[in-house]
Amino acid sequence: MIAVLVVAVSVYVLAAAITDARMHRIPNWLTVPAALLGLGYHTVSPDGMGILGSLAGFGVGFVLLLLPALLGGGGMGDVKLLAALGAWLGWKSLLVAFSLGMVLASLGALAVMAYNSLLGSQESAQSGPTLREMTTGRPKTQKPQRVLPFAVPLAVSTWVVLAWWCLRGG
């Protein structure tokens, strides 16, 4: 039965990563059924952790990103993605996947920032100041954008956790 879990979670995080990368959102039609299926799997499967273990993973996943989302540091889709993933993985494995995902997201963000910095310094050296900069003395302020949807590094980190499970025999 562990193969069902590995395939279901792998497909779920792949779909979430593709959807988040393309649309910059993770819809409820993806997260809600995934959470319910995770809870159901662990309730009926002899290899499962039981409904309480699954609910604990769901709760931890929901809480991890709730405050940042409420403060504008992410979306509620990320919260629901992590909650549903917790229903499948349980709270301990979820914390491992989340931590590794945060490291990967940070490294990706640093790489994009370094690339943008190099690109930006080349463009400003070639183009000179803008009309706004010449008239106001201030550069145009830009709204900060998310450089990497969180579902992408979270999917990679989840696959690492699943591979670890498979290597150690479930």
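Student: What should I keep in mind before I start?

Tutor: The model is predicted, so local features need pLDDT of at least 70 and side-chain atom pairs count only at pLDDT 80 or more, while totals for chains, interfaces and linings use all residues. Residues are numbered from 1 along each chain as its sequence is written, and side-chain values use heavy atoms, with hydrogens and water left out.

Student: How many helices and strands does the protein have?

Tutor: Helices (H or I, at least four residues) and strands (E, at least two) are DSSP runs, numbered from the N terminus. Here there are seven helices and zero strands, giving the pattern α-α-α-α-α-α-α along the sequence.

Student: What share of the residues is buried?

Tutor: Buried means under 20% relative accessible area, exposed over 50%, and partly exposed in between (1.4 Å probe, protein chains only). In this protein, 33% of the 170 residues are buried. Take Ser93 in helix 5: Ser93 counts as buried because its relative accessibility is 14%.

Student: Which residues does Ser93 touch?

Tutor: Contact means heavy atoms within 4.5 Å. Leaving out residues up to four places away in sequence, Ser93 touches Val161 and Trp165.

Student: Which residues have the most contacts inside the largest nonpolar core?

Tutor: A nonpolar core is a set of buried Ala, Val, Leu, Ile, Met, Phe, Trp, Tyr and Cys residues joined through side-chain atoms within 4.5 Å. The largest one has 32 residues, and those with the most contacts inside it are Leu5, Val9, Tyr12, Leu81, Leu85, Leu89 and Leu162. Helix 1 (2-23), helix 2, helix 3 (50-70), helix 4, helix 5 and helix 7 each supply at least two residues of this core.

Student: How many aromatic pairs are there?

Tutor: Rings of Phe, Tyr and Trp (its six-membered ring) pair if their centres lie within 6.5 Å; planes under 30 degrees apart count as stacked, over 60 as edge-to-face and the rest as tilted. That rule gives two aromatic pairs. For Tyr41 and Trp88, the ring centres are 5.5 Å apart and the planes stand at 35°, so this pair is tilted. Tyr41 sits in helix 2 (residues 28-44) and Trp88 in helix 4 (residues 76-89), so the pair ties together parts 47 residues apart in sequence. Both Tyr41 and Trp88 are buried.

Student: Why is the pair of Phe98 and Phe150 edge-to-face?

Tutor: Their ring centres are 6.1 Å apart and their planes are at 75°, so the pair is edge-to-face. Phe98 and Phe150 are both buried.
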